[in-house]
Amino acid sequence: FKRECFFSVSKQELFEFHERDDAFSLLTPASANIEVESTASTLAPSDDVVRFAVKFGPLRFRFENVHTVYQPFDLFVDEQRKGLFTEWRHEHRFREAAWEGDPASMLTEEIVYAHLLLPFVSPFVRHRLGKLFEYRFGVTAREVHRKRESKAGEAGERVVVTGATGLIGKRIAQILVERGSRVIALVRNVEKARKLLGDRVTCAHWDFSEPDEGDWRRHLGEADGVIHLAGTPLFARRWNPAFKREMEESRTLGTRQLVDAIAASHRRPRVFVSASALGYYGADPERVVDETAPPADDLLARICVGWEDEASKLDAHGVRTVQMRIGIVLSRESGALKELLPLFRIGIGGTMGDPNHYINWIHLEDVARMFTMALGNAEMRGAYNAAGPSPVTNADLARGIARALGRPALMRYPVPVLKLII
């Protein structure tokens, strides 16, 4: 079992939280029916024993764990000494994941376990662990970010984010709040957005098809920076002529509204960071490009060109503009990877489309922090390719997912089949 999570603090700060006397108790949810009997005074190997009991209905199972490995700020390990499992080893690994001027770290929790009835109990154990670590990561984030979040409000920079309810926008909003910014999300459905983003983000109404509704212009006039991601999801429906028009207008007309409002404002943000896409370059599998390459001449390329042209008009008004040409974003939460994982888990995963077609991928955390870095880095201007340095083919991606899940990748889904779906 393995889970990872990112935090907007250094790995030293993250490690120090786990060394707190109350850390184990904080990270143990009341709903898990776990009774903590004793904790360790140190994460280093010692005579201290962590004792707890887990209740399953009328049954009660007691466990004793000890710490066996301790590398300050990098790693600690605890292992079961007595308990239900024949083996239980829990590794906590801390890594730096920082961008320039933006501290960040990644915590990897990996558990190796064994049981005489492993094939029968493993699904239940994995489900319980998934719920447990969802809780633990939430508590950890709350505790380690508390100091920085306390700076939010009038003292923190004000950042307007559009598209904040989407995959990338939601993570950007979280990072900004974690580092002490005041975040204002311009959204179509305010109530729905509040439930999704929480009370640390201010939600205001903006719909490009109803520009006269809401007070979104006021928020733009008070912003220090703007991150613009909003646009109709490309794969929300089949690509008929009406939907293609909506795809384009939601980006070009939506961006124009924001740009015009900022240009007319007495006070303007320092920076306007806008999304674009690697579709700017077209779909030629033999073409190797950088940011200076000219655009292609297909639908997605034309949408990207119009999108970027509208955003860059703010340069003439003294606002620094940045355009992020985003690749395929990989995340378990949403997007392409989420759609592929169920197929692989049931054994029918495989190559989607042309096996030799390249995927310019990027991890969700990387693309989100590229946007937040652009807010504060005055040297960033113009277009940037938001993609990993090593693209992979469709076939390589399928094999990588299969290897990670321990499943086959025997199927192949031809392009005509995918076109029917799209």
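Helix axes are here lines fitted to C-alpha atoms over the stretch in contact, and the angle between two axes is taken between their N-to-C directions. In this predicted model, that convention describes the packing of helix H10 (residues 335-345) against helix H12 (residues 394-405): their axes are 10 Å apart and meet at an angle of about 60°. Because angles of 65 to 115 degrees count as roughly perpendicular and those under 35 degrees as roughly parallel, H10 and H12 are classed as oblique to each other. Their crossing is right-handed. On the H10 side, the contact is made by Leu337, Leu340, Leu341, Phe344 and Arg345, and H12 contributes Ala398, Ile401, Ala402 and Leu405.

Helix H9 (residues 299-312) may be considered next. With 14 residues at 1.5 Å a residue, H9 should span 20 Å, and the distance of 20 Å between its end C-alpha atoms agrees with this expectation. At the N-terminal end, H9 is capped by Asp298, a side-chain oxygen of which lies 3.4 Å from the backbone nitrogen of Leu300. The buried residues of H9 are Ala301, Ile303, Cys304, Gly306, Trp307, Glu308, Glu310 and Ala311. Among the elements that cover these residues are helix H8 (241-264) and the strands E11 (225-228), E12 (271-277) and E13 (320-326).

Most residues other than glycine have a negative phi. Phe73, which is not glycine, has a positive phi, near 70°. Its relative accessible area is 30%, and Phe73 is therefore partly exposed, since that category lies between the limits of 20% and 50%.

Conventions:
Residues are numbered from 1 along each chain as its sequence is written. This is a predicted model: local features need pLDDT of at least 70, side-chain atom pairs count only at pLDDT 80 or more; totals for chains, interfaces and linings use all residues. Side-chain values use heavy atoms; hydrogens and water are left out. Helices (H or I, at least four residues) and strands (E, at least two) are DSSP runs, numbered from the N terminus. The expected span of a helix is 1.5 Å times one less than its number of residues. Buried means under 20% relative accessible area, exposed over 50%, partly exposed in between (1.4 Å probe, protein chains only). Contact means heavy atoms within 4.5 Å. A polar contact is a pair of N or O atoms within 3.5 Å; within protein, one must be able to donate a hydrogen and the other to accept it, and residues adjacent in sequence count only if both atoms are side-chain atoms. Axes are lines fitted to C-alpha atoms, for helices over the stretch in contact, and angles run from 0 to 180 degrees between N-to-C directions. Angles under 35 degrees count as roughly parallel, over 145 as roughly antiparallel, 65 to 115 as roughly perpendicular and the rest as oblique. A crossing is left-handed if the near helix is turned anticlockwise from the far one by less than a right angle, and right-handed if clockwise.
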